[in-house]
Amino acid sequence: MDAVNEAANGRPAVHLIDGSLYVFRAWHSMPDEFFDAEGHPVNAVHGYTRFLCELLERVQPEHVAVAFDASLTSSFRNTIYPSYKANRELPPPALERQFVQCRAITEALGVHLMIDHSFEADDLIGSTVWNLRALGWRSVIVSADKDFGQLLGEHDEQWDYARGVRWGPPGVHEKLGVHPHQVADYLALCGDAVDNIPGVPGIGAKTAAALLSHFGSLDILLDRIDEVAFLRLRGALACAAKLREHAENARLYRRLTRIALDAPGASTIDMLQRQPRESAQLDDLCEQLRFGAFTRSRLRALLR
């Protein structure tokens, strides 16, 4: 992907980056041999900074934002379902500190930062996609997370940067067997172990996709449960019984799997315009993080 693709299909693009994903990837993949001026580990900061520099150099986006999670235990989903993401360990202090430093690097490069304690990064990105679509903009969501498939409109794309793979709405169907508008229903039915959402017992990915292909949506499926037993589906009778028993749970799980479109994301394109920054702010960060000469030169070259 490069700058010339920014206005594909006659629509300008905004790049929306799932920042937390790339910080976690750097934390797990970078060797633990980088330390800041105070002796704290900064391996995740180094990895994230390399990723962000490469993306900005390659794409040269005029409009871009990075969303971070700050709501692992405080999002609205935890309120309605306390077990949500309860299977995940909180970031250790060493990583939590690096998240703060990654956010500082992002802002020092003039990139818009999105973070909220009630909404997750997915919601901030989703609300931004929704807001800007109405203004004629298309979105490129930089993430490997399958949940984002539900946001893709006709002109939008998702980009798994690490694998160099990008896809639009047809790619969602190819991967999951459902269309973007069915992704939240699909995850509610078959569950999402990553987020500790159990789904309906006995309904796996293929069955969930088959049910949604036939009925179209979770609501219609639950309204017409009696028909499920007569489908040419392995274990159709048992499937109908499970759906009857767990119908309300399925509706609850969809409240968790559906990305919110009313979060405080960017509401105007001007908010995502890259902003000029003073080099002193970046220089101070480079000193604190003990970046080498090559990384410092890359960062300075990216200042607007």
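## A buried arginine and its partner

At 17% relative accessibility, Arg-298 counts as buried, because the cut-off for buried is under 20%. This comes from a predicted model. Glu-57 is partly exposed, with a relative accessibility of 33%.

These two side chains meet in a salt bridge, with N and O 2.8 Å apart. Arg-298 belongs to helix α14 (residues 293–301) and Glu-57 to helix α2 (residues 43–59), so their pairing ties together parts that sit 241 residues apart in sequence.

## Asp-219 and Arg-254

Here's another pair: Asp-219 and Arg-254 form a salt bridge, and their closest N and O atoms are 2.9 Å apart. Asp-219 is in helix α9 (residues 218–223), while Arg-254 is in helix α12 (residues 247–257), so this bridge ties together parts 35 residues apart in sequence.

How do they sit in the fold? Asp-219 is partly exposed, at 34% relative accessible area, whereas Arg-254 is buried, at 11% relative accessibility.

## Asp-283 and Arg-300

Asp-283 pairs up with Arg-300 in a salt bridge, with 3.2 Å between the closest N and O atoms. The two link distant parts of the chain: Asp-283 lies in helix α13 (residues 279–289) and Arg-300 in helix α14, 17 residues apart.

Asp-283 counts as partly exposed at 26% relative accessibility, and Arg-300 counts as partly exposed at 41%.

## The wider picture

Side chains of opposite charge can pair when their charged atoms come close. In this model, the count comes to 21 salt bridges. Some residues join up in a network of salt bridges: Arg-77, Lys-85, Arg-88, Glu-120, Asp-123 and Asp-195.

Technical notes. Residues numbered from 1 in each chain as written. Predicted model: local features only at pLDDT ≥ 70, side-chain atom pairs only at ≥ 80, totals over all residues. Heavy atoms only, no water. Salt bridge = Lys/Arg side-chain N within 4 Å of Asp/Glu carboxyl O. Helix = DSSP H or I, 4+ residues; strand = E, 2+ residues; numbered from the N terminus. Buried < 20%, exposed > 50% of the residue type's maximum accessible area, 1.4 Å probe, protein only.
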